[in-house]
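Subject: Handover of a structure, with notes

Dear colleague,

Please find below the structure that I am handing over to you. I would be grateful if you kept it open while reading the notes.

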Amino acid sequence: MLPAEITRHRFTVEEYHKMAEAGVLSEDDRVELIEGEVVQITPIGWRHARCVSNLTMLLARFAGDRYVVSVQNPIIVDEHGEPQPDLALLREVPTGRLPGPGEVVLVVEVSDTTLSYDKNVKLPLYARAGIPEAWIVDLQGDIVEVHAGPRANGYARTSRYDREEGRLRSEALQDLALSVDQILG
């Protein structure tokens with residue numbers, strides 16, 4: 001006898017929210033919805049926390065009153081995806097719903113122990129959603145990658161910045177340039 005085919009149920013964002021409303025998931029649960037699956041988020045270590053704090057300060061200075069800096073908050077990328085990037089730069093905060101790709105200008109993932117997951121799982125989600133730019137801060141490799149030109153199969157261009165480069169330049173936000181040393185700490 002052959003084993004039966006197994007079909008996984010992919011949760012929608014709406015079902016994910018209903019689970020939270022019903023108490024299946026609580027505010028204290030560190031989870032995100034990726035490709036319809038509820039995925040536990042890795043605990044944050046001190047290097048990660050310091051880098052997110054550094055970037056929050058730097059991006060807030062840049063944003064002024066033009067953009068909103070959203071720190072470790074969810075964004076909706078599609079019907080089955082609600083990731084929580086470490087940082088997102090938003091054009092505006094919508095009323096009555098979470099931000100979607102149209103409001104997001106930039107997402108940043110800080111990777112201390114999650115580099116493969118951030119690059120191979122989350123980055124393609126952001127590209128498919130059409131988010132103009134995504135940064136991956138690789139704390140182990142001591143570099144920052146800037147991914148721009150979103151396409152259905154990933155970002156068209158990647159620039160890598162290390163401490164010797166000095167300054168990172170955003171492609172999507174022409175007037176955004178930050179010190180790599182300040183980002184990495």
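The notes below begin with the whole chain and then turn to single parts of it.

This is a predicted model, in which local features need pLDDT of at least 70 and side-chain atom pairs count only at pLDDT 80 or more, while totals for chains, interfaces and linings use all residues. Residues are numbered from 1 along each chain as its sequence is written, and side-chain values use heavy atoms, with hydrogens and water left out.

The chain as a whole

The protein chain has four helices and ten strands. Here helices (H or I, at least four residues) and strands (E, at least two) are DSSP runs, numbered from the N terminus. In that direction the order of the elements is α-β-β-α-β-β-β-α-β-β-β-β-β-α. The radius of gyration, taken over C-alpha atoms, is 17 Å, close to the 16 Å that the globule rule gives for 185 residues, so the chain is as compact as a globular protein of that length. That rule is 2.2 Å times the number of residues to the power 0.38. Along its principal axes, the C-alpha trace spans about 60 × 40 × 35 Å.

Of the 185 residues, 45% are buried. A residue is called buried under 20% relative accessible area, exposed over 50%, and partly exposed in between (1.4 Å probe, protein chains only). Contact means heavy atoms within 4.5 Å. Among contacts with a separation of 6 or more, 49% join residues 24 or more positions apart.

Helix α1

Which residues of helix α1 (residues 13–21) are buried? They are V13, Y16 and M19. Seen down the axis of α1, these buried residues fall within an arc of 115°, so they line one face of the helix. The arc is that of the directions from the helix axis to the C-beta atoms. An α-helix has 3.6 residues a turn, so residues three or four places apart point the same way. The exposed residues E14 and E21 are on the face turned away from the buried side. The cover over the buried residues of α1 includes β1 (31–34) and β2 (37–40). Just after α1, G23 takes a positive phi of about 90°.

Two residues with positive phi

Most residues other than glycine have a negative phi. E35 has a positive value, near 50°. E35 sits in the loop between β1 and β2 and is partly exposed, at 34% relative accessibility. D142 also has a positive phi, near 60°. D142 belongs to the loop between β6 (133–138) and β7 (143–151) and is partly exposed, at 27%.

The loop between β3 and β4

Q72 is found in the loop between β3 (68–71) and β4 (87–90). Is Q72 buried or partly exposed? With a relative accessible area of 29%, Q72 is partly exposed. Leaving aside neighbours within four places in sequence, Q72 is in contact with I44, H48, V52, Q84, P85 and D86.

P74 lies in the loop between β3 and β4 and is buried, with a relative accessible area of 18%. Beyond four places in sequence, the contacts of P74 are with E82, P83, Q84, L98 and P99. Between the C-alpha atoms of P74 and A4, 70 residues apart in sequence, there are 36 Å.

Yours sincerely
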